[in-house]
Amino acid sequence: MISTLITFLISNAQAYEHYATWESTPQVITCGKNATKKEEVDKSLNYWRERGYKFSEVLEKTSCPEPKPGLIIVMTQDFPNRQGLTRTTCYTYKGDPKEYVDYAVVKVNNSQVLYPGENIESLAHEVGHALGIGHVNDRTDIMYPSAIK
Ligand SMILES: [Zn+2]
């Protein structure tokens, strides 16, 4: 009982600040040319699952669907100098100051891999944005902003 409470307090203390949250469990789709493998996406999602975030089973598709509510769409793109880019579309309710994520499009860098596991870390970082989380100042945190130098 006590250890459960302590674990809860610690994980709660480390909880991320959100600019928006999901009202439903997002469905993650990895798609397109050079799509990130479902297994790789799952590894990235595990970072968040360990922190209590929930996702529907990851789907792998050859062509990317139109963005629609409830989806996190993961695609790859060649970026010259960044690891990824995420765009979230949010909505609000009248009289409620909170923002909710409607859907998110995550683009991960396909052109430069600097070290093993970099893509998984980059994807975990971008998924963090898709969950409505901004950057943090802690250099050791996955949400620390880092760019390819
Ligand atoms: Zn970022």
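Guide: Here, helices are DSSP runs of H or I with at least four residues, strands are DSSP runs of E with at least two, and both are numbered from the N terminus. The chain has three helices and five strands. This is a predicted model, in which local features need pLDDT of at least 70, side-chain atom pairs count only at pLDDT 80 or more, and totals for chains, interfaces and linings use all residues. Residues are numbered from 1 along each chain as its sequence is written.

Visitor: Why are α2 and α3 called oblique to each other?

Guide: α2 (residues 38-49) and α3 (residues 118-130) pack at about 55 degrees. Such angles run from 0 to 180 degrees between N-to-C directions, along lines fitted to C-alpha atoms over the stretch in contact. Under 35 is roughly parallel, over 145 roughly antiparallel, 65 to 115 roughly perpendicular and the rest oblique. The angle of about 55 degrees belongs to the rest, so the pair is oblique.

Visitor: Which residues of α2 and α3 make the contact?

Guide: They include V41 and W48 of α2 and I120 and L123 of α3. Contact asks for C-beta atoms, placed from the backbone, within 7 Å.

Visitor: How do you know that β1 and β2 pair?

Guide: Pairing takes at least two bridges found by DSSP. β1 (residues 27-31) and β2 have four bridges, in the parallel sense, so they pass.

Key:
Contact = placed C-beta atoms within 7 Å.
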